[in-house]
Amino acid sequence: MKTLRWLLVAQLAAGSSLCARAGEPTAQIRATTDKILVLLSDPALKTDARKSERRQLIRSELDRRVDWAAVARSSLGRYWPKRTRAEQDEFIGLFSRLLAETCLDKLDSNGADPAKIDYLGEKIIDDYASVKTQITTKDQTVHPVEYRLQKAGKDWRIYDVLIEGVSLVKNYRDQFDEILGKTSYEKLVADLRAKIPRETP
Amino acid sequence: MKKAYLEFVVGLFLAIGIGCLAWTSIKLARKEFLVRNGYEVQATFSNAGGLCSGTPVVIAGVEIGRVKGVRLEDYEAKVHMVIQHGVLLQKDTMASIKTKGLIGEKYIELTPGASDETIKPGGVIRDTQPEMDLEALIAKYIQGSLAKPDDKGQPPH
């Protein structure tokens, strides 16, 4: 899981390059990546005093592009309809916070690593799209990353990310399935709370 | 005495042979029954990883369908599956290709989703996860560990 998170961060933190057959979903993914890169490289935001401001700005960009509710709903899978509306809202809040804070922590520790991103193409079927990219790290290792998006008005919002062919949603769905098969939903929520970094508001 | 023993052995082999034939017939008939009495769904994988007609489709380890066919479409693998009637698949069901053991039989695992809507007969499982390419991952790991950037941060030549 750590590798997955690292690569997701690498995708967001890396420089962009080639664009092949870029359509609207690719353009929106690229725009978000570029905005986050600008925030990461802004010297004024690198000071300790403005660290939380930078985190908040990056979180806002993530919130615009990632459909946290869809990620949370799909990750909980078949257990989702069994929860009350209040529990579902609570789960979305906790899970999105865990994912976003983990991502922000990695960005804080790694910074914007210079690397290359190739946009390999996109596929749109009705209101769904996938954008295939390829990250080349500094040591010339290539990692395929695929975004899956759903159209919401004019925006394309991410509901899953596949890194090295491994789906983020599938990974969490399997984990939640295992936990809920052995223990209870209350235990899962308690575990999520425990994993969210304490220093964050 | 010797003749009776010989006849017994021949009879035993014959019985075993008939038993094997019956078992095969039942297995094939079951498979055929499943293929005829289910509904079809499709899924597209970037790498089919050796799937073929007859590959089992499972949910929670229980076989609920079979692969009907695999064909290349737009340089991706389009897989047709037949799913048992009565097994409803949510629209966000995820299909992933798995292997039993390290060198075992391939199968498709379906992980139920959260959507209220279900996939209609002839519909598409939108979310798929291809088979993990272990060879590529191992190669990447080995190459990655050898190809470290030099002291100036430049990639090796």
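Predicted model: local features only at pLDDT ≥ 70, side-chain atom pairs only at ≥ 80, totals over all residues.
**Ground rules.** I number residues from 1 along each chain as its sequence is written, and chains are lettered from A in the order in which they are written. Local features here need pLDDT of at least 70, and side-chain atom pairs count only at pLDDT 80 or more.

I looked up helix 2 (residues 24-41) and helix 3 (residues 51-65) of chain A, whose axes come within 10 Å and cross at roughly 175°. That makes helix 2 of chain A roughly antiparallel to helix 3 of chain A (angles over 145 degrees count as that). I took helices as DSSP runs of H or I, at least four residues.

Which residues of helix 2 of chain A meet helix 3 of chain A? I noted Gln28(A), Thr32(A), Lys35(A), Ile36(A) and Leu39(A), meeting Arg54(A), Leu57(A), Ile58(A), Glu61(A) and Arg65(A). Contact needs C-beta atoms, placed from the backbone, within 7 Å.

**Leu37(A).** I found Leu37(A) in helix 2 of chain A. Is Leu37(A) buried or partly exposed? Leu37(A) is partly exposed, as it has 16 other C-beta atoms within 10 Å (20 or more would be buried, 12 or fewer exposed). From C-alpha to C-alpha, Leu37(A) sits 9.3 Å from Ile58(A), though they are 21 residues apart in sequence.

**Helices 4 and 6.** Next I checked helix 4 (residues 68-76) and helix 6 (residues 168-182) of chain A: their axes come within 7 Å and cross at roughly 45°. On the helix 4 side of chain A I listed Val71(A), Ser74(A), Ser75(A) and Leu76(A), and on the helix 6 side Val169(A), Tyr172(A), Arg173(A) and Phe176(A).

Conventions. Axes fitted to C-alpha atoms, helices over the stretch in contact; angles between N-to-C directions. Helix = DSSP H or I, 4+ residues; strand = E, 2+ residues; numbered from the N terminus. Parallel < 35°, antiparallel > 145°, perpendicular 65-115°, else oblique. Contact = placed C-beta atoms within 7 Å.
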